Amino acid sequence: MELEHKFCRFDSDEMSVEGLVIEGYASLFGQTDQGKDVVQKGAYGKSLVDLEKAGRSVKMLWQHDPAQPIGVWDDLREDDRGLYVKGRLLDGVEKGREAAALIEAGAIEGLSIGYRTKRATKTPDGKRVLTELELWEVSLVTFPMLPSARVAAKSEDLDGDLLREMAAAFDGARQQMAQG
């Protein structure tokens with residue numbers, strides 16, 4: 001089975017960055033993403049239990065690149081809303097510092113999960129309902145797949161003018177890519 005990815009964008013009340021600590025929802029239950037997938041409540045339960053029993057952790061990656069870990073997830077759990085995550089970007093890792101700056105500037109807007117589908121069903125309208133997933137990693141990403149949410153960030157360490165300039169540059173690049 002191939003590793004799949006599912007993306008999620010966040011509203012300001014769903015994800016926050018304070019210093020280098022981030023928290024929010026990496027997956028929301030019952031919402032159809034752009035790939036016509038819907039994650040069902042409980043889909044991560046077995047995987048989270050199995051990871052804990054094995055003494056393993058879900059990795060925090062940059063853009064799903066296994067060569068670029070940027071932090072650690074200290075808390076992953078399912079609740080009524082989705083897969084909640086809380087972790088720390090590592091300031092001793094260059095990409096971790098970059099990720100914090102990009103989130104603060106609004107250039108990075110979401111999280112994405114890397115997983116294997118263990119069980120799923122198809123609905124008559126073509127949606128895939130994911131009922132059991134094997135969670136491997138949660139990445140910070142540029143282009144999330146679930147458009148119903150956005151990211152917000154706070155940090156006193158970063159220069160606001162520089163961040164606004166960086167955000168404008170990324171927005172311009174994103175617009176050029178969309179036109180091109």
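# Close-ups of a predicted model

Figure 1. Among the elements of the chain, helix α1 (residues 45–54) has the highest mean pLDDT, at 97, while helix α3 (residues 160–179) has the lowest, at 48. Keep in mind that this is a predicted model, so that score is the predictor's confidence in each residue. The pLDDT is below 50 over residues 12–16, a stretch that has 22 contacts in the model beyond near neighbours in sequence. Residues 148–170 also stay under 50, and here the model has 43 contacts beyond four places in sequence. Taken over the chain, the average pLDDT is 79, and 71% of the residues score at least 70.

**Figure 2. The chain from one end to the other.** Here you can pick out three helices and nine strands. Starting from the N terminus, the order of the elements is β-β-β-β-α-β-β-β-α-β-β-α. How much of the chain is buried? Of its 180 residues, 42% are. Now look at contacts with a separation of 6 or more: 71% of them are between residues 24 or more positions apart.

**Figure 3. Inside the largest nonpolar core.** This core has 31 residues, and the ones that touch the most other members are Tyr44, Trp73, Leu135, Val138 and Leu140. Which strand gives the largest share? That's β9, with five residues.

**Figure 4. Trp73 and its neighbours.** Zoom in on Trp73, one of the core residues that touch the most other members. Which residues does Trp73 contact, leaving aside neighbours within four places in sequence? The list is Ile22, Val58, Lys59, Met60, Val85, Lys86, Gly87, Leu111 and Val138. Val138 is itself on the list of core residues that touch the most other members.

**Figure 5. Strand β7 and its two partners.** Six of the eight residues of β7 are buried, so this strand is largely enclosed by the rest of the structure. β7 pairs with β3 in the antiparallel sense, over seven bridges. To get from β6 to β7, follow the hairpin that joins them through three residues. While you're tracing a strand, remember that in a regular one the side chains alternate between the two faces of the sheet.

Figure 6. The model has two aromatic pairs. One of them is Tyr25 with Tyr84, an edge-to-face pair with 5.8 Å from centre to centre and 70° between the planes. Why does this pair tie together parts that are 59 residues apart in sequence? Tyr25 lies in strand β3 and Tyr84 in strand β7, so the pair links those parts. Are these tyrosines buried or exposed? Tyr25 has a relative accessible area of 12%, so it is buried. Tyr84 also counts as buried, at 12% relative accessibility.

**Figure 7. Helix α2, end to end.** At 1.5 Å a residue, the twelve residues of α2 should span 16 Å, and the end C-alpha atoms are 17 Å apart, which agrees. The buried residues of α2 are Gly96, Ala99, Ala100, Ala101, Leu102, Ile103 and Ala105. Just after α2 comes Gly106, with a positive phi of about 90°.

Figure 8. Lys36 sits in the loop between β3 and β4 (37–39) and counts as partly exposed, at 49% relative accessibility. Although Lys36 and Gly126 are 90 residues apart along the chain, their C-alpha atoms are separated by 7.4 Å. Beyond neighbours within four places in sequence, Lys36 is in contact with Gly126, Lys127 and Arg128. Ser47, on the other hand, is in helix α1. Ser47 is buried, with a relative accessible area of 8%. Not counting residues up to four places away in sequence, Ser47 touches Leu133, Glu134 and Leu135.

Technical notes. Residues are numbered from 1 along each chain as its sequence is written. This is a predicted model: local features need pLDDT of at least 70, side-chain atom pairs count only at pLDDT 80 or more; totals for chains, interfaces and linings use all residues. Side-chain values use heavy atoms; hydrogens and water are left out. pLDDT is the predictor's confidence in each residue, from 0 to 100. Helices (H or I, at least four residues) and strands (E, at least two) are DSSP runs, numbered from the N terminus. Contact means heavy atoms within 4.5 Å. A nonpolar core is a set of buried Ala, Val, Leu, Ile, Met, Phe, Trp, Tyr and Cys residues joined through side-chain atoms within 4.5 Å. Buried means under 20% relative accessible area, exposed over 50%, partly exposed in between (1.4 Å probe, protein chains only). Two strands pair if DSSP finds at least two bridges between them. The expected span of a helix is 1.5 Å times one less than its number of residues. Rings of Phe, Tyr and Trp (its six-membered ring) pair if their centres lie within 6.5 Å; planes under 30 degrees apart count as stacked, over 60 as edge-to-face and the rest as tilted.
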